[in-house]
Amino acid sequence: MFYKRSESFRYTFGTPPEIHMHVSGAVESPSKTTKIYGLLLDISPKGAKLFSERKLQPGEENVRLEFVLNHETIRSGATIVWKQQYEEGWIYGADFERNSIKEMLILNEIRELKEIEMK
């Protein structure tokens with residue numbers, strides 16, 4: 001079968017950049033927002049894989065993500081959909097809120113990162 005797409009929509013970082021997670025709606029304190037630092041392991045226009053030392057519950061907390069991709073600061077709401085324990089912390093799968101403009105921005109930034117990597 002022939003696919004028109006010749007490039008991957010997921011980008012895995014060699015050195016993961018820092019990501020800020022603003023978490024609210026936790027069971028123990030629903031009105032409190034907590035800022036958590038983590039690492040952005042990989043990204044696609046619709047989601048990301050994250051690492052954090054703090055344990056989050058998939059689907060139970062509201063998460064706002066803030067990170068710099070190439071040279072653009074991106075802010076997006078997200079839902080944690082899965083977690084996996086890893087050494088001293090947790091790896092999470094996050095689905096971004098659907099926003100076609102942010103999806104195109106992320107896709108363009110991924111393309112730029114891949115071009116820089118190829119040089």
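My entries below go from the overall fold to single residues.

**Ground rules.** I am working with a predicted model, where local features need pLDDT of at least 70, side-chain atom pairs count only at pLDDT 80 or more, and totals for chains, interfaces and linings use all residues. I number residues from 1 along each chain as its sequence is written, and side-chain values use heavy atoms, with hydrogens and water left out.

**Fold.** I started with the secondary structure, taking helices (H or I, at least four residues) and strands (E, at least two) as DSSP runs numbered from the N terminus. Read from the N terminus, the order is β-β-β-β-β-β-β-α.

Next I checked burial, where buried means under 20% relative accessible area, exposed means over 50%, and partly exposed is in between (1.4 Å probe, protein chains only). Of the 119 residues, 37% count as buried. For contacts I use heavy atoms within 4.5 Å. Among contacts with a separation of 6 or more, 59% are between residues 24 or more positions apart.

**Aromatic pairs.** How many aromatic pairs does the structure hold? I find three. My rule: rings of Phe, Tyr and Trp (its six-membered ring) pair if their centres lie within 6.5 Å, with planes under 30 degrees apart counted as stacked, over 60 as edge-to-face and the rest as tilted. Y11 and F13 have ring centres 5.1 Å apart and planes at 80 degrees, so I log this pair as edge-to-face. Both of these residues are buried.

F51 and Y86 also pair edge-to-face, at 6.4 Å centre to centre with 85 degrees between the planes. This pair links distant parts of the chain, since F51 belongs to strand 4 (residues 47–52) and Y86 to strand 6 (residues 72–86), 35 residues apart. F51 is buried at 17% relative accessibility, whereas Y86 is partly exposed at 40%.

**A charge over a ring.** Which residue lies over the face of W90? It is K83, at 4.9 Å from the ring centre. The test I apply asks for NZ of Lys or CZ of Arg within 6 Å of the ring centre and within 35 degrees of the ring normal.

**D42.** I looked up this aspartate in strand 3 (residues 29–44). Buried or exposed? D42 counts as buried, because its relative accessibility is 8%. Leaving out residues up to four places away in sequence, D42 touches R10, Y11, T12, F13, A48 and K49. That list includes Y11 and F13, the edge-to-face pair I logged above. I also noted that D42 and G93 sit 9.7 Å apart, C-alpha to C-alpha, while 51 residues separate them in sequence.

I then searched for voids.

Helix 1 (residues 100–118) supplies the largest share, three residues. By class I get three nonpolar, two polar and three charged residues; Ala, Val, Leu, Ile, Met, Phe, Trp, Tyr, Cys and Pro count as nonpolar, Asp, Glu, Lys and Arg as charged, and the others, Gly among them, as polar.

E103 is in helix 1 and counts as buried at 18% relative accessibility. Beyond four places in sequence, E103 touches P45, K46 and R98.

**Positive phi.** Two non-glycine residues went on my list. N70 has phi near 65 degrees and sits in the loop between strand 5 (62–69) and strand 6. N70 is partly exposed at 29%. E87 has phi of about 45 degrees and falls in the loop between strand 6 and strand 7 (89–96). E87 is exposed at 66%.

**V68.** My last entry is a valine in strand 5. V68 counts as partly exposed at 43% relative accessibility. Its contacts beyond four places in sequence are P17 and T73. V68 and I19 are 7.7 Å apart, C-alpha to C-alpha, and 49 residues apart in sequence.
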